[in-house]
Amino acid sequence: MLESKKDKLTVIGIVAVVAAVVVITVAAPAILAGTESTNPNLGNAVTLEDYVIQAMLYATEYGSDIALEEFNNPDGPFASSNYYIIAYDSDGTLLAMSENPSLVGENQLTVKDVYGVQSVMQCLIRAGHGGGYVYAISPEWFKGVEQTSGTTINLLYILPVDDKWFVFSGGEPRGVNAQMSMDVRNSLDTYVADAVSYVSKNGVEAAAVEFNKKNGLFSDDKMSLMMFDKEGCLITYQADSSQVGEDLRGFTDTRGTSVGRDIYQMGMRNGGYLYDAVKNVDGGIDDMEFISVVKIDDNTYLAGTYNIGTIEYTN
């Protein structure tokens, strides 16, 4: 599931922001020159990361009141056919969303998408670590409309403005187009519940032996298991047992999301769900995974993964 590379999101965020500060002079409509938009001042070349960096710089330069007014303005300097800025405070209260202003002021910290993923919580945690990437369902989660099975997963880029609020954006131009269904969650829930039951009946050591077997009770074409200790080290990794004993808290997926850290934090709390991208076993374009994390006890947690399928990149 995870690549062997250290977590680098905070460093990426810092380097990107420093670079942006050096080369960008913040001035309202001009800062987004090059972003495809109905705004005549905007073109079509700014990336998702550039867009969010510039929003953060704008907020830093002009303050929260002016920035939030512009972020909530569908015809303002941040109007773009590709992206729009979303902002939350550190408590999970929505501060800006031009696509659905009726939701502004609503606390969404514990809101879950249709599959149980707490996207706002993940964005807040990522902002607290200096920024980075998170996967979320779009457009349902963004726009607050009724969620349905079979929705698209997209990539978000998050940056803190300060310790009180953060901004982000995302969408298909920089996202992934992997389709998720409720059958995936139901199958994974059953698979993980069976694994937890096995640990309860046989103990962690015996379970580790069984979970590591290539043709064992938990071998499956689409699903696999990982079990961790309280330090974030692998006790078992069905897909690659050579990594057993490694600390995966600093590992990132192929799109730079801090999956290892997310799994660890969920395992230390009460579990949860998330998405990540992995290299295709055939060496082609990436696959998308849905992950369920369950806390077994104070010393052990387990993650089950389901390979949703090949990602169709939209840019």
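Are Phe 228 and Tyr 301 buried or exposed? Select both: Phe 228 is buried, and Tyr 301 is buried too. Here, buried means under 20% relative accessible area, exposed means over 50%, and partly exposed lies in between, with a 1.4 Å probe and protein chains only.

Before moving on, here is how to read this tour. This is a predicted model, in which local features need pLDDT of at least 70 and side-chain atom pairs count only at pLDDT 80 or more, while totals for chains, interfaces and linings use all residues. Residues are numbered from 1 along each chain as its sequence is written, and side-chain values use heavy atoms, leaving out hydrogens and water.

**Stop 1: helix H2**

Select residues 48–62 to see helix H2. Helices (H or I, at least four residues) and strands (E, at least two) are DSSP runs, numbered from the N terminus. H2 has 15 residues and reaches 21 Å from its first C-alpha to its last, close to the 21 Å expected at 1.5 Å a residue; the expected span is 1.5 Å times one less than the number of residues. Of its 15 residues, 11 are buried, including Leu 48, Tyr 51, Ile 53 and Tyr 58. Just after H2, find Gly 63, which takes a positive phi of about 90 degrees.

**Stop 2: aromatic rings**

A pair of aromatic rings is described by the distance of the centres and the angle of the planes. Rings of Phe, Tyr and Trp (its six-membered ring) pair if their centres lie within 6.5 Å; planes under 30 degrees apart count as stacked, over 60 as edge-to-face and the rest as tilted. By this rule the count comes to 20 aromatic pairs. Show Tyr 51 with Phe 78: this pair is edge-to-face, at 6.1 Å centre to centre and 70 degrees between the planes. Tyr 51 lies in H2 and Phe 78 in the loop between helix H3 (64–71) and strand S1 (86–89), so the pair ties together parts that are 27 residues apart in sequence. Tyr 51 is buried at a relative accessible area of 0%, and Phe 78 is buried at 4%.

Now return to Phe 228 and Tyr 301. Their ring centres are 4.9 Å apart and their planes are at 5 degrees, so the pair is stacked. Phe 228 is in strand S7 (residues 223–229) and Tyr 301 in strand S11 (residues 300–310), so this pair ties together parts 73 residues apart in sequence.

**Stop 3: the nonpolar cores**

A nonpolar core is a set of buried Ala, Val, Leu, Ile, Met, Phe, Trp, Tyr and Cys residues joined through side-chain atoms within 4.5 Å. The largest has 67 residues, and those with the most contacts inside it are Phe 71, Trp 165, Val 167, Phe 211, Tyr 275 and Phe 290. H2 gives the most to this core, with nine residues. Another core, of 15 residues, lies apart from it, and Phe 228, Tyr 237, Ile 291 and Ala 303 are among its members.

**Stop 4**

Two strands pair if DSSP finds at least two bridges between them. To finish, pick out Tyr 275 and its bridge partner in S10, Phe 290.
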